Amino acid sequence: MATQAEQQTQSGTTGHQEVNHKSLLQSDALYQYILETSVYPREPEPMRELREITANHPWNLMCTPADEGQFLNMLLKLINAKNTMEIGVYTGYSLLATALALPDDGKILAMDINKENYELGLPVIQKAGLAHKIDFKEGPALPVLDQMIEDGKFHGTFDFIFVDADKDNYLNYHKRLIELVKVGGLIGYDNTLWNGAVVAPPDAPMRKYVRYYRPFVLELNKALAADPRIEICQLPVGDGITLCRRVN
């Protein structure tokens, strides 16, 4: 998912002539093969419905790709996550993937500055019987995180935290989330390969939002690689996702 500044139509040009392609695979045909062979046939009906609703939204590039949604869903099941957080919700595709993976008494604290987008997907979430798992808060996440840290009772209580929001605040989020995720828990930062722009020459053609956020993503990647409190794994899924496991 992208930020609200990233309201551009996805380019499907084979060869990725511009640094704005959602999939990092060099072959569009190969990516389509993955979707049609392994992702779409196993995609839960609520996720398919929400994906199709979101495809008609003018900011649809902000949606988590279906293959990444599948990855998150399986990951949450593998770690037996129960208490999670999501910063940056958009219409709720990744949120729905999370809710489907959690047990019936699982909880998601979901935060986004735009409730209107979330409400596009909310009827699908409600129809799937999952709304009781979600505590949605509209507004900036940083004040909420600061309050949680000040309260003291949320330290080390989250099994999984997914961040897919304003890239210029990723490091600010990390400074706080490392206190809230439990030891052994995971934080997932989305878009950490940033349309391939992290390795693009300075004069490469880029959308304005890609060029603007590029230095923030580069700074995040450098900081995560040097952080002794976590183990990391950066994967070329979607637009790049970095998983951080808190070790101390």
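Author: Buried means under 20% relative accessible area, exposed over 50%, and partly exposed in between (1.4 Å probe, protein chains only).

Reader: What does L95 touch?

Author: Leaving out residues up to four places away in sequence, L95 touches E86, V89, I108, A110, Y118, I125 and I134. Contact means heavy atoms within 4.5 Å.

Reader: Before I go on, what kind of model is this?

Author: This is a predicted model: local features need pLDDT of at least 70, side-chain atom pairs count only at pLDDT 80 or more, and totals for chains, interfaces and linings use all residues. Residues are numbered from 1 along each chain as its sequence is written, and side-chain values use heavy atoms, with hydrogens and water left out.

Reader: Okay, overall picture. How many helices and strands are in the chain?

Author: Eight helices and seven strands. Of the 248 residues in the chain, 53% are buried. Among contacts with a separation of 6 or more, 70% are between residues 24 or more positions apart.

Reader: Take helix 2. Which of its residues are buried?

Author: Helix 2 runs over residues 45-55, and P46, M47, L50 and T54 are buried there. They sit on the same side of helix 2, because they cover an arc of only 95 degrees around the axis. That arc is taken from the directions from the helix axis to the C-beta atoms.

Reader: And what covers them?

Author: The cover includes helix 3, helix 4 (93-101) and helix 5 (115-127).

Reader: Switching to rings. How many aromatic pairs does the structure hold?

Author: Seven. Rings of Phe, Tyr and Trp (its six-membered ring) pair if their centres lie within 6.5 Å; planes under 30 degrees apart count as stacked, over 60 as edge-to-face and the rest as tilted. Take Y118 and F136: their ring centres are 4.2 Å apart and their planes are at 5 degrees, so the pair is stacked. This pair links distant parts of the chain, with Y118 in helix 5 and F136 in strand 3 (residues 134-138), 18 residues apart.

Reader: Are those two buried or exposed?

Author: Both Y118 and F136 are buried. F160 and F162 are another stacked pair, because their ring centres are 6.5 Å apart and their planes are at 10 degrees. F160 is buried at 2% relative accessible area, and F162 is buried at 2% too.

Reader: Which rings form a cluster?

Author: W194, Y209, Y212, Y213 and F216, linked by ring pairs.

Reader: What is the bridge partner of C233?

Author: L243, in strand 7. Strand 6 (residues 230-235) and strand 7 (residues 241-246) pair in the antiparallel sense over six bridges. Two strands pair if DSSP finds at least two bridges between them. Their hairpin has five residues between the strands, and G238 takes a positive phi near 60 degrees there.

Reader: What about positive phi in N80, which is not a glycine?

Author: The phi of N80 is about 55 degrees. N80 lies in the loop between helix 3 (66-78) and strand 1 (83-87), and N80 is exposed at 64%. N191 also is not a glycine and has a positive phi, near 70 degrees. N191 is in the loop between strand 5 (181-190) and helix 8 (208-226). N191 is buried, at 2% relative accessibility.

Methods
Helices (H or I, at least four residues) and strands (E, at least two) are DSSP runs, numbered from the N terminus.
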